[in-house]
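These are my notebook entries on a structure that I had not looked at before.

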Amino acid sequence: MTQAFTSEESSESEAMSSEAAAAAASSCSREFRANPHPVYAALREQAPVCPLSPPHGVETYLITRYDDARAALADPRLSKDMYGAIDAYHRIFGDSSIALDDNMLFSDPPKHTRLRRIVGSTFTPKRVESLRTRVQQITDELLDACPTSGPVNLLPEFCFPLPLHVICELLGVPENERKQAQEWSATVAQTGFGPEARKALEIAEGNLRDYLVDLCARKRSAPESDLLSALVTAQDQEGALTDHELVSTAWVLLFAGHKSTAYQIGNAVYHLLSRPDQKDLALRDANAMNMAIEEIFRFETSVENSTFRHAKEDVVIRDTLIPKGALVQISITGANRDPEMFTAPGELDVQRPGVQATHLAFGYGPHYCIGAPLARLEMQIALGTLFRRHPRMTLAVAPEDARWLTVPFPAFRGLAELPVVLDPS
């Protein structure tokens, strides 16, 4: 999960500039959630490694500059194994998440190396590319069902069902079971820290765990050609995934494999429709669209912050001491708009050179997103088909009136709704 926090009331935060302190203090507000970029700009300038006091009360540091973020994403002193900080883990997530977090996203070498090797042997570029025809078919079917003459909210009608159907087909989730899995995932994605929210999270995660245990058992007894069946039987020289690891891996692929892409498709459509000149440049040909997609990953990534890391030892970054045991988050959004790395970072430039090799939307280092090829494939087909079929599509609201997710602790950066008119004529 990703979170936003308020500034710590300590000598460190008092030494912070008033601008940066105000920015950090606003980071739970609806205004921040609607537009976090000014806050991250202030923090990059005044407090690039910012001590925070989040609602769970665990000492936390937020990194916002590009070079620091890139280094931190690959720093072995910043552990992804939250079991190594189990007290902090319990305070943040409670007990219900533990059974779903025994996967490569929340582990360090050598365990991470083993899990990623096994998953990588099944989740191959060839398997992803084999989905191209099916992704195109699903895209066309969803657009066929969308009304063209009046406003339609593209998020529930197109942006979410496309990656959900794709990841479910990849994993082998039966079609009649997908809606329920999506509803449980949505609850997890939008849950905060209050007692009621924590209870909803516990129920949703318990239901997902039970469902995936049953699904894995079905794949073991009657394997098919899907990814989950392959994971059931995959092994390396150190053996196969344990039952616990298998269920947790299925969970992270299902959850991360559709939520982040769904919001990213929505972000892309919104920003291209808000900037007709950039849209025209992006639609010149397939290569231009691919470049535009990479720039949108940089400009408005749906993954605002990295998942938690914790310091295994005292770590100094930009003269700030991160003490052993403290939690660390890396602002992907902040890093991707760092003016020390990108010229005019607050402008969308779909012809920006070299952006694919530099943006951090998929992370960096050992934990670089294994699903990046699938996300790119879905974005290319979704956007290319949408704008080809509906070249005159417009937003149904003024760009400044678009509603972004403003729940206090969302896992993603994205729109709350995306009303468009596909054929204004």
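How much space lies in the second largest pocket? I looked it up and found about 170 Å³. Before going on, I noted that this is a predicted model, in which local features need pLDDT of at least 70 and side-chain atom pairs count only at pLDDT 80 or more, while totals for chains, interfaces and linings use all residues. Residues are numbered from 1 along each chain as its sequence is written, and side-chain values use heavy atoms, with hydrogens and water left out.

Entry on terms. On a 1 Å grid over the protein atoms alone, a cavity is a set of points where a 1.4 Å probe fits but cannot get out, whereas a pocket is an open set with protein on both sides within 12 Å along at least five of seven lines; lining residues have an atom within 4 Å of a point. Grid points are joined across faces, edges and corners, and a volume is the space filled by probe spheres set on the points.

Entry on the second largest pocket. I found 13 residues in its lining, and D75, P76, L78, D108 and P109 lie nearest its centre. The lining divides into seven nonpolar, one polar and five charged residues (Ala, Val, Leu, Ile, Met, Phe, Trp, Tyr, Cys and Pro count as nonpolar, Asp, Glu, Lys and Arg as charged, and the others, Gly among them, as polar). I then followed P109 and saw that a cis peptide bond joins P109 to P110, with omega at about 5°. P110 is placed in the loop between α6 (86-93) and α7 (111-122); helices (H or I, at least four residues) and strands (E, at least two) are DSSP runs, numbered from the N terminus.

Entry on the largest pocket. Its volume is about 220 Å³, and its lining includes A282, M289, N290, Q380 and F387. Both α17 (286-299) and α19 supply at least two residues of that lining, and α19 gives the largest share, six residues.

Entry on the two helices. I looked up how α17 and α19 pack, and found an angle of about 115° with the axes 10 Å apart (axes are lines fitted to C-alpha atoms, for helices over the stretch in contact, and angles run from 0 to 180 degrees between N-to-C directions). M289, N290, I293, E294 and F297 in α17 meet R376, M379, Q380, L383 and F387 in α19, where contact means heavy atoms within 4.5 Å. By class, this contact has six nonpolar, two polar and two charged residues.

Entry on cavities. My search of the whole structure gave four cavities of 30 Å³ or more, and the largest cavity holds about 1,000 Å³ of space. Of the 50 residues that line the largest cavity, L105, V252, A256, V303 and C369 are the closest to its centre. α15 (243-274) gives the most to this lining, with nine residues.

Entry on aromatic rings. I found 10 aromatic pairs in the whole structure (rings of Phe, Tyr and Trp, its six-membered ring, pair if their centres lie within 6.5 Å; planes under 30 degrees apart count as stacked, over 60 as edge-to-face and the rest as tilted). The ring centres of Y270 and W404 are 5.5 Å apart and the planes stand at 85°, so this pair is edge-to-face. Y270 is in helix α15 and W404 in the loop between β12 (394-395) and β13 (419-421), 134 residues apart, so that the pair links distant parts of the chain.
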